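Please go through the structure below, moving from single residues to strands, a sheet and the nonpolar cores.

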Amino acid sequence: MTNLQESLRREFLRTNRSGAYSSSTLVDCNTRKYHGLLVVPVPELDDDNHVLLSSLDCTVIQHGAAFNLGLHKYQGNNFSPNGHKYIREFDATTVPTTTYRVGGVVLKKEVIFQHYEDRILIRYTLVEAHSATTLRFRPFLAFRSVRQFTHENNTASREFSQVDNGIKTCMYAGYPDLYMQFSKKNEFIFQPDWYRGVEYPKEQERGYASNEDLYVPGYFEMPIEKGESIIFSGSTSQIKTSSLKALFDEEVGERVPRDNFYHCLVTAAHQFHKREKNNDRYLLAGYPWFKSRARDTFIALPGLTLSIGEVDYFEKVMKTAEKALREFMDEKPVTGKLYEVEQPDVPLWAVWAMQQYAKEVGRDKCFEMYGKLLQDIVRFILDGKHPNLRLDENGLLYSNGRDKAVTWMNSTANGRPVVPRSGYIVEFNALWYNTLKFCASMAAEKGDVKGAEKVEAIAAKVKASFVDTFVNEYGYLLDYVDGNMMDWSVRPNMIFAVALDYSPLNQQQMKSVVDICTRELLTPKGLRSLSPKSGGYNPIYVGPQTQRDYAYHQGTAWPWLGGFYMEACLKLYKRSRLSFIERQLVGYEDEMDYHAIGTISELFDGNPPFNGRGAMSFAMNVAEILRTLQLMDKYSYQK
């Protein structure tokens, strides 16, 4: 903790399951513009999150001497006030807890985000003290979008009002009031100032602007007795401060302890939940900058819900997503906050998600809940109603991705896709075959023999065409085929043709695909997005935006792809691969202590030491690791 080279690399994330979050490094030194103690959506302004309260510095005062426990990085690699040197312990098992020692004073700080409210709660407990002790709290305010910076200006309001044991203030019109309150009576000293030149090294690394000024309206001061706890509330709404202690204890009681790998992942899974005020339910694609994206939602949904026994949340998210899907299929404007529903593989991934639901709760229940949606999706595609999904005579689906990225490999440079996957795309058609077979089997079970036979006939055509189009003489699958253009790059997208329940490949072809993925793509952090033997291999995701765009899908490793790879291994080799899969999962267990504590980064470098990069927490990665753990359990009990 006192070694900044180590501690500044580790981040922590707390969320309220409604889109707001709190995040910083373990030593509370913000290193990203996305970091902040209270970061909330402000729908009246835009669709982004906004940093209201950047940080809260606590100072211990004894015998007139002040010891500031805060830490900020300023220009010129200057750190002040170096509060990290007082840290003696950090524990994240239930509630992230930092223990400070200043001479004979031992102060414990616990931080929690209230569920479904825009409220951060911090409990300070004076564990040890031999003389009178005072605490001083200095709030650093930003009132800005996570995508921008704030600088000293004359527009910012210095107005504030006294409220129950605290103040409320608002720097700019259009923003909500920020309420800063304590569970104990205190004195607020108005001493407005700007702290200039705060620097965010993560933004520097990414080639962005990295400096801002933060506004401090003054400070709160109060005495604290040995054994006493004081709770701070930072929120967009006022609270009765006499209720803070009971509220904090109640919130602690709802937390899953991060006492093992599985529980860390369950906690991470819950952080992606997003409940809107109208009760729509979403899954955020990741933190800190992702919104709810349709493809990510359907891929992550089974792992984040079904794999941890939360069928009800699957149904709630699916209800919201079905509304968006139907609006798109009916050519109506998509309402709600599920983005990129128009991407051509989205309906296919929706079917896959429902297929996982059927395996969890039974096919009868699945048909009851989603039978009509399944039929409508297949009819929508067969009738050629999708604007970028053409059904050809050979049964395969054709999608135009030359000018605009249409697959999960969606990085762009100079307005064009870095990987222009277009034409017959391998995972689109693997998903299409799987969709047809699943829907045909469901129809047959429900007595629609004629309908099932019709869909089976199309599936048979797809199977023959898939093999003719994608299987090459080297034993792997072409990534996409567009007329005479064939992409011979060895990429991980072929693994779906093996992992899905219904595969157009025979046993030997499936084994060959898995073998090549194992030899050329497998890392301890999932599958590489491109083989080192293929042209353009660029495995290190660092540098300015353009440099990172060219590396994003050109060799970086993705854990969620590793989930499908491990499913393919279990499907082919059954229990004989369990110990191999366990060893693969160890690579993720190590991640619980790095990058963002208790969760999985967006992507990893494709070469050793496979550093975590990008967003601090990524839904599809957490989901597929949870689903793999569930699959392992199922295969362990099979004879």
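Is Ser 617 buried or exposed? In this predicted model, Ser 617 has a relative accessible area of 0%, and a residue under 20% counts as buried, so Ser 617 is buried. The residue lies in strand β34, which covers residues 617–618. Beyond the residues up to four places away in sequence, Ser 617 touches Leu 13, Phe 272, Gly 286, Tyr 287, Thr 599 and Ile 600.

Together with Tyr 474 and Met 486, Trp 488 forms a nonpolar patch on the surface, and the accessible area of the three together is about 330 Å².

Strand β28 leads on to a sheet. Three strands make up this open sheet, in the order β26-β27-β28, and their pairing is antiparallel. Because β26 (424–425) and β28 (485–486) each have a single partner strand, they stand at the edges, and one side of each is left without a neighbour in the sheet. Between β26 and strand β27 (residues 480–482) there are 2 bridges, in the antiparallel sense.

In general, strands of a sheet pair through backbone hydrogen bonds, either parallel or antiparallel. Strand β3 (residues 36–41) pairs with strand β2 (residues 21–25) in the antiparallel sense, over 2 bridges. Within β3, Val 39 is the bridge partner of Tyr 21. Strand β3 also runs antiparallel to strand β4 (residues 49–62), to which 4 bridges join it. Here Leu 38 stands opposite Leu 53 in β4. Strand β3 is mostly covered, with 5 of its 6 residues buried.

The last topic is the nonpolar cores. The largest nonpolar core has 150 residues, of which Met 354, Trp 560 and Tyr 565 touch the most other members. Helix α9 (residues 426–445) gives the most to this core, contributing 11 residues. Apart from neighbours within four places in sequence, Met 354 is in contact with Phe 314, Met 318, Cys 366, Tyr 370, Leu 373, Leu 374, Ile 377 and Phe 438. There is also a second, separate core of 50 residues; among them are Tyr 86, Ile 87, Leu 107 and Phe 113.

Note on methods: Residues numbered from 1 in each chain as written. Predicted model: local features only at pLDDT ≥ 70, side-chain atom pairs only at ≥ 80, totals over all residues. Heavy atoms only, no water. Pairing = 2+ DSSP bridges. Buried < 20%, exposed > 50% of the residue type's maximum accessible area, 1.4 Å probe, protein only. Contact = heavy atoms within 4.5 Å. Patch = residues over 30% accessible without salt bridge, like charges linked within 9 Å, V, L, I, M, F, W, Y side chains within 5 Å. Areas by Shrake-Rupley, 256 points an atom, 1.4 Å probe, with all protein chains shown as cover. Salt bridge = Lys/Arg side-chain N within 4 Å of Asp/Glu carboxyl O. Core = buried A, V, L, I, M, F, W, Y, C linked by side-chain atoms within 4.5 Å.
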